[in-house]
Amino acid sequence: APRLTGRIEMAVIQSTFVEDLAKGFPGMEASGELSSIITRTLESASAGFGKAVYAGTGDSGAVTTPSVRLLGFLIANKGLPVTSSRAADTFITGDNLRIKNRGAIYVDVAVAVADGEAVYVTPAGLITNASAGNTAATGWEFLDTLAGAGVGRIVRR
């Protein structure tokens, strides 16, 4: 039988590593605690992972325009392709959405917040702790204290 005598070289896929891993990313489920996830179809033009979505005009539709009918926050789908019509980490019109309406999830927070503060959504869709001019995310609160804008956890129990 033939005998292999040469050395096989393998390609290096990753040769450097970050010292600290990110704690989470927008739309990532933050824990395994009791949660509820619903499914809807996006009627808006686009929506980023971790963004708030509200009841749309169709029976199973969702939009990003703040209203009193908050459905919850978008769970990331890392399997979506990046195309000329879809930016990375973004849902587009007609996409099937997984929406967390109970439990903990990571979101992009626009300002400094403290653990336990109530969650609000600005008219532009930003997550904040400021009530003035913003829409309450009723029942949701911050799980992290952040010194400024960044990724943090929110929860509804």
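This is a predicted model: local features need pLDDT of at least 70, side-chain atom pairs count only at pLDDT 80 or more; totals for chains, interfaces and linings use all residues.

Guide: Aspartate 95 is found in the loop between strand 6 and strand 7.

Visitor: Buried or exposed, that aspartate 95?

Guide: Aspartate 95 counts as buried, because its relative accessibility is 12% and the cut-off for buried is under 20%.

Visitor: What does the side chain of aspartate 95 meet in a salt bridge?

Guide: Arginine 86, with an N to O distance of 2.5 Å. Arginine 86 is buried as well.

Visitor: And which backbone nitrogen lies 2.8 Å from a polar atom of the aspartate 95 side chain?

Guide: That of isoleucine 92. Leaving aside neighbours within four places in sequence, aspartate 95 is also in contact with residues including Arg40, Thr41, Leu42 and Leu80.

Visitor: How many salt bridges does the count come to?

Guide: Six. One of them joins glutamate 29 and arginine 98, at 3.5 Å from N to O.

Visitor: Changing topic: how many aromatic pairs does a search of the whole structure find?

Guide: Two. In one, the ring centres of phenylalanine 49 and phenylalanine 91 are 5.1 Å apart with the planes at 55°, so the pair is tilted. Phenylalanine 49 lies in the loop between strand 2 and strand 3 and phenylalanine 91 in strand 6, so the pair ties together parts 42 residues apart in sequence. Both of these, phenylalanine 49 and phenylalanine 91, are buried.

Visitor: Then why is the pair of phenylalanine 73 and tryptophan 140 called edge-to-face?

Guide: Because the planes of phenylalanine 73 and tryptophan 140 stand at 75°, and the cut-off for edge-to-face is over 60 degrees. Their centres are 4.8 Å apart. Phenylalanine 73 sits in strand 5 and tryptophan 140 in strand 10, 67 residues apart. Both phenylalanine 73 and tryptophan 140 are buried.

Visitor: Which ring has the charged end of lysine 78 over it?

Guide: The ring of phenylalanine 25; the charged end is 4.7 Å from the ring centre.

Visitor: On to packing. How many residues has the largest nonpolar core?

Guide: It has 17, and Phe73, Val119 and Ile154 have the most contacts inside it. Strand 3, strand 7, strand 8 and strand 10 each supply at least two of the core's residues. Another core, of 13 residues, lies apart from it, with Ile38, Phe49, Ala55 and Ile99 among them.

Visitor: And what does isoleucine 154 touch?

Guide: Not counting residues up to four places away in sequence, its contacts include Phe73, Val119, Trp140 and Leu143.

Visitor: Last one: what is the relative accessible area of glycine 72?

Guide: 0%, so glycine 72 is buried. Glycine 72 lies in strand 5 and touches Lys51, Ala52 and Ile99, among others.

Note on methods
Residues are numbered from 1 along each chain as its sequence is written. Side-chain values use heavy atoms; hydrogens and water are left out. Rings of Phe, Tyr and Trp (its six-membered ring) pair if their centres lie within 6.5 Å; planes under 30 degrees apart count as stacked, over 60 as edge-to-face and the rest as tilted. Helices (H or I, at least four residues) and strands (E, at least two) are DSSP runs, numbered from the N terminus. Buried means under 20% relative accessible area, exposed over 50%, partly exposed in between (1.4 Å probe, protein chains only). A charge sits over a ring if NZ of Lys or CZ of Arg is within 6 Å of the ring centre and within 35 degrees of the ring normal. Contact means heavy atoms within 4.5 Å. A nonpolar core is a set of buried Ala, Val, Leu, Ile, Met, Phe, Trp, Tyr and Cys residues joined through side-chain atoms within 4.5 Å. A polar contact is a pair of N or O atoms within 3.5 Å; within protein, one must be able to donate a hydrogen and the other to accept it, and residues adjacent in sequence count only if both atoms are side-chain atoms. A salt bridge is a side-chain nitrogen of Lys or Arg within 4 Å of a carboxyl oxygen of Asp or Glu.
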